[in-house]
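Visitor: I would like to learn how to read a model like this one. Please take me through some of its features.

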Amino acid sequence: MSSHDQPIKAKHQRMVLVILAIVAIVAAGLIAAWALRNQANFFYLPEQMQADPPALGQAVRLGGMVKTGSIEEQPDGISVRFVVTGNEASQVPVRYTGILPDLFVEGSGVVAEGSLQQDGTFLATNLLAKHDENYVPRELEGLEGHQSGESDYQSTVLAE
Amino acid sequence: MIAELGLAALWLSAALAVLQLFAGALALRPAVGETSEIAVYVRPAAMVQAVLAIFSFFALLWCFAITDLSVKLVATNSHSMKPMLYKLTGTWGNHEGSMLLWTAVLALSGGLIAWLEHRLPDRTMNATLAVQGFVAIGFYAFLLLSSNPFERLPVPAAEGQGLNPLLQDIGLALHPPTLYIGYVGLSVAFSFALGALITRNVTPEFAKVMRPWVLGAWVFLTLGITAGSYWAYYELGWGGWWFWDPVENASLMPWLAATALLHSTSVLAARDALRTWTIMLGVVAFSMSMLGTFLVRSGVLTSVHAFAVDPERGTFILVLLAIYIGGALTVFALRASSISEGKRFSASSREGALVFNNVMLSAILGIVLLGTLYPLLTEAFDVRVSVGPPYYNPVSAIFAIPMFLVMAVGPLLRWKADKPARIKIELTVLLAVLIVICLLAAVFGDYSILPVLGLGLAGALAIASFLPLRGRKLTRVPTATWGMVLAHFGVAVALFGMASEAAFTEERLAAMAPGDTEQVGGWTITLDSVDPIAGPNWTAFEARVEAQRGGGAAAELAPQSRTFWAPIQTTSEAALLTRWDGQLYAVVGNTAGDGRWQLRLWWKPFVTFIWYGGLLISLGGILAIIGRLAADIKRRRIVTRAEVRRAELKALRQVEAT
């Protein structure tokens, strides 16, 4: 090995490696932070969706309560229309095609994944409802705090 | 009585953990070379503790098996009508039981290293076991002070309150214990890393000792994640196999750290480089296990898994987490400068590739960690956020794609320094395969960019994983190398499954009356009938669906919509039809009222490859353990034999001299 390309000393190499690792991980952090800030716009309450609607067709989540008496089954047998209400008088009409979650009922909380359409309807591709009597989607806790404590059953925690 | 014995055993093991910590720590006080009298207690303490903790777990298992309703945990989580299998699995289907399992596995791994591991210097071993005892004390305290699984009711309950029906599944029987062994197995890596750091013994010899334990934990984690993914896939009935749910992330993060750790341990063992980095990863890997436990057990995050919120216990685990990670980092900061630099290497060498991928894995780990914790952070400012696939998929891909590329090339490079020109042909072939597959997929299909890249990378990686065997006599290839080949090939297989599922899945949603026919992905689906049926603790509507493809015989699927009695809850039982080239997935929904039933059907080409890949990766890990251990035992035997011969020669010479 010629003298001019004598590899850097071990100590220096460690330093270079540490710096490179830090640069890469900081870069990951920055990219993540940037992407997460965009995610902040990912979840909407009905009042937010009315005041500052997302771009048409953009994939977002809408969370709120299913308005009592608003569930209408469509003639194709697989679609439903319902209205999601928020804290104030705000409401957003939703259309969903698919199998309804087991605990999807009127007056209960729901998170709909989908996008806003031209006519102001929220087209849901997926509905996240409560999974049992105790579980409330975290985003909705403030909306139906009165319900979560009522269950007779001791809370069950899934071991993972 | 059994419950009291279990509790007593738990207290005794806690006391032994304290003995293990103090004996191990005091044994470090005499200078190197001197022996300490108290050191003789360290190993027996760890072994007896393991036996007692396991006994305690079996005592709880017994209470569940006989449905002892005077034990509070059994009364709240079990039911006398439940099938026996689910009574038993219900033992760890709740907070206290699963923490007891966690702690029992922790004690077991400590006991195993105390019993089996005799290759390290005594000082390092004592320090390692002291750390292991220290970790165990925290979890015993957690169990005994805030989550006693053996608590009695003042008046025995008349009947148990059941178990969540989602949890009454064979997947639950296998998935959590496997994952726990992996999680907690990483505590061994943590203890070894700190033991070596405290006794300034970070050497290739130490890495060789630690490697099989890391590999073992990693194999269990891989199996646990694979099983968990398949369980979510067929049990939740949503057709997805990974949801970036915080609980899933909690198992993925230790896996990412353990994967990085086992590769950097290999570099340390083979080349005596990356000393501090390996120690750091050992600390990070177990920290991620504990963080995962915290996230799952405290229920602080949005999760389909966390059915309950229990902030008090969450705080307890958080404090433990702070003590262990803080303590480990303090030791690290104090001692890291005393570890001299390892051997150097050039950027284009196998070490270089491994370092690069270590950094990529760490970056992905950071991305998953930030995404998982971000909703907690924003909640402090009263902003509710959900972080989902639109964040995780593209952002982690930024680092995963270069990682897969380097992973294909790394094993072909030589240690220390290599010229990329030497493997020009291999590089050209791999690049050609990657580009051709991507172009074909892009031209003939209308898929998004990530699945297309995934298909190309999977193809290139599948070929690359076998290239290290090129030009070698296959019968002479070491078992550990086969392990690497198989594990890397498993990654390619899993990646192919993921990309195919994302690119080629076909979905059909229909309201069908009996006799109606639908088409999905080349299959003709006929609904025969929908009948009410009853199981041991549920009733259901079962759809009989006939599926037929090409001219083949018809197969029957029977998806159900089940209603359990205790507690009352409805779940969808998906039906799966597995063929070599994919799976047909059927879910039955509600009746539309006019005699029609909602059916959701998916044809998912090659989706099974995801889990076959996971199994191959685990198998590769097992082969690597066997290979490494066998080679090590053989080497030691030769060394011993040579020493004996030398001693004999010396004795002979002395006899001749006199």
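Visitor: How are two packed helices described, and at what angle do the axes of α9 and α12 of chain B cross?

Guide: Two packed helices are described by the angle between their axes and the distance between the axes. In this predicted model, helix α9 (residues 246-271) and helix α12 (residues 350-379) of chain B cross at roughly 160°, and their axes come within 9 Å. Axes are lines fitted to C-alpha atoms, for helices over the stretch in contact, and angles run from 0 to 180 degrees between N-to-C directions. Helices are DSSP runs of H or I with at least four residues, strands are runs of E with at least two, and both are numbered from the N terminus.

Visitor: Are α9(B) and α12(B) roughly parallel or roughly antiparallel?

Guide: Angles under 35 degrees count as roughly parallel, over 145 as roughly antiparallel, 65 to 115 as roughly perpendicular and the rest as oblique. α9(B) and α12(B) are therefore roughly antiparallel. The residues of their contact comprise 13 nonpolar, eight polar and two charged. Ala, Val, Leu, Ile, Met, Phe, Trp, Tyr, Cys and Pro count as nonpolar, Asp, Glu, Lys and Arg as charged, and the others, Gly among them, as polar.

Visitor: Which angle do α8(B) and α9(B) make?

Guide: Helix α8 (residues 204-235) of chain B packs on α9(B) at about 155°, with the axes 9 Å apart. That makes this pair roughly antiparallel as well. Their contact has 17 nonpolar, seven polar and two charged residues.

Visitor: What span is expected of helix α2 of chain B?

Guide: The expected span is 1.5 Å times one less than the number of residues. Helix α2 (residues 42-65) of chain B has 24 residues and reaches 35 Å from first C-alpha to last, close to the expected 34 Å. Just after α2(B), Thr67(B) has a positive phi of about 45°.

Visitor: What is the mean pLDDT of each chain?

Guide: pLDDT is the predictor's confidence in each residue, from 0 to 100. Chain B has a mean of 87, with 95% of its residues at 70 or more. Chain A averages 72, and 69% of its residues score at least 70. For the complex, the predictor gives an ipTM of 0.72 and a pTM of 0.88.

Visitor: How are the numbering and the cut-offs set?

Guide: Residues are numbered from 1 along each chain as its sequence is written, while chains are lettered from A and ligands numbered from 1 in the order in which they are written. Local features need pLDDT of at least 70 and side-chain atom pairs count only at 80 or more, whereas totals for chains, interfaces and linings use all residues.
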